[in-house]
Amino acid sequence: MRGKYEARPQKRRPEPVRQTRKTEQPNPARGTARPTPTAQPNQPHRTAAPQAQRTAPSQPRRTVPQQPRRPIYRKPTLGEYLARALAVVLTAIVVLACTLLISMKMICGSTSPSAKRTFVTTMLETGQLKFLVSWFVPSAEVQEIVNANSMAKIDDDVDANLITFENLEEDQQNAEVKDLEVIDISGRTYSGKLIKVRDPSRISLATIYPWRDTGVTLEELAQQSGALAAINGGIYDSTNNTGGRPYGVIVSNGEIQHNQPNEWPGLVLVGFDNDNILQIIDVNGMTPGQLEDLVEEKGIRDAVTFQEESSDANNHFVQLIINGTARGMNGVGSGLNPRTAIGQCADGSVLLLVTDGRGKNGHLGASAADLIEIMTQYGAVNAANLDGGSSTCMYYNGEYLMTSVTFYYSNSSWKLPAGFIVK
């Protein structure tokens with residue numbers, strides 16, 4: 001028992017849990033305060049951190065990086081544009097010239113005799129590019145190539161008795177027989193057109209006589225003459241595509257409009273007489289007076305001249321078939337070029353032929369052998385080669401069937417002084 005005055009023990013009250021306040025502590029990584037966890041019951045009391053530890057560290061001031069200043073664009077002047085364009089053009093020209101030079105060296109080297117032969121024989125038939133041969137091949141070698149690849153000599157005259165005009169009147173009255181037929185021609189190195197005219201009297205020579213400096217296109221020549229079809233004709237002055245003056249001989253409707261048979265060596269007259277027979281006559285060495293006598297004697301009504309020559313300066317040929325016999329040749333006979341040719345069958349029908357070449361439609365051109373083969377296939381008894389190359393063209397029924405192979409006249413023809421037409 002406790003005494004009266006003995007103090008009673010005091011019951012100890014449980015100490016209340018002290019709630020700690022959430023304090024936000026800064027997070028340097030995110031720049032925001034992180035809450036401090038609240039003390040839980042029945043866990044030892046954590047002593048408060050020193051004031052220095054509780055104080056949030058000062059954050060460095062964030063600086064925005066400066067963007068680099070864009071350069072101010074200055075529009076080039078017209079002179080600068082022209083200078084850049086000129087530099088590009090000059091570079092292209094230099095590259096092209098070097099490529100061509102290397103290619104020519106390879107072609108004219110000893111690695112490919114056939115390529116050299118084709119190059120020489122083809123270039124010598126051109127009007128403006130003959131000089132390339134002398135640049136890359138010695139003159140003696142050029143003559144050797146020409147001699148080995150030329151046409152055999154032919155002295156025969158046309159035999160008029162072989163042209164009979166058989167059934168011409170009957171065919172003219174027969175609606176099933178075409179008065180004029182256009183035929184597509186193709187070969188390994190060329191494509192072309194052939195116009196077959198049943199009545200040879202429809203063929204004549206249109207000219208721009210009296211002569212002047214500038215000729216006309218084949219289309220203009222045909223339209224001025226009221227012609228249905230036309231092809232280019234003989235040799236003429238094609239310098240700078242003026243085309244207003246012929247060379248050699250021109251006879252139109254029986255009138256001698258140009259009489260210089262010695263103007264070029266090896267000229268051969270090609271045209272029709274009054275009996276509508278195709279005549280192919282060598283007039284080389286004739287005087288103008290002798291030419292007049294020939295025209296009167298043979299009754300020539302429409303004719304031109306082209307050149308027959310095989311040398312280190314030219315490689316031209318005229319006669320293809322005479323009296324049904326194809327002309328012989330040495331080697332390949334000629335180069336590959338655009339061609340214009342004319343022929344006549346035994347029944348009097350006339351064949352007008354053109355072929356492309358020099359890269360047009362991806363073709364190099366036709367050879368003399370190709371022309372002979374085509375003319376023989378379609379029945380020619382006599383046939384002759386005319387002026388070709390860039391001059392080759394054919395017009396029919398209001399449009400060109402063959403335009404010049406020259407790029408800047410690819411939609412037309414060169415200017416001409418004369419051409420064979422069909423009315």
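Predicted model: local features only at pLDDT ≥ 70, side-chain atom pairs only at ≥ 80, totals over all residues.

Trainee: Which ring does tyrosine 409 pair with, and why is the pair edge-to-face?

Mentor: Tyrosine 409 pairs with tryptophan 414, and the planes sit at 65°, so the pair is edge-to-face. Their centres are 6.1 Å apart.

Trainee: And tryptophan 414, buried or exposed?

Mentor: Tryptophan 414 counts as buried, with 9% relative accessibility.

Trainee: How many aromatic pairs are there by this rule?

Mentor: The count is seven. One of them joins tyrosine 247 and tryptophan 264, with 5.3 Å centre to centre and 50° between the planes, which makes the pair tilted.

Trainee: Where in the chain do those two sit?

Mentor: Tyrosine 247 is in the loop between strand 6 (229-232) and strand 7 (249-252), while tryptophan 264 is in the loop between strand 8 (255-259) and strand 9 (267-273). They are 17 residues apart. Tryptophan 264 is partly exposed, at 29% relative accessible area.

Trainee: Switching to the core: which residues touch the most other members of the largest nonpolar core?

Mentor: Ile342, Leu352 and Phe420, out of 63 residues in that core. Strand 9 gives the most to this core, namely five residues.

Trainee: What's in the second core?

Mentor: That one is separate and has 20 residues, including Phe317, Ala341, Leu351 and Met375.

Note on methods. Residues numbered from 1 in each chain as written. Heavy atoms only, no water. Phe/Tyr/Trp six-rings, centres within 6.5 Å; stacked < 30°, edge-to-face > 60°. Helix = DSSP H or I, 4+ residues; strand = E, 2+ residues; numbered from the N terminus. Buried < 20%, exposed > 50% of the residue type's maximum accessible area, 1.4 Å probe, protein only. Core = buried A, V, L, I, M, F, W, Y, C linked by side-chain atoms within 4.5 Å.
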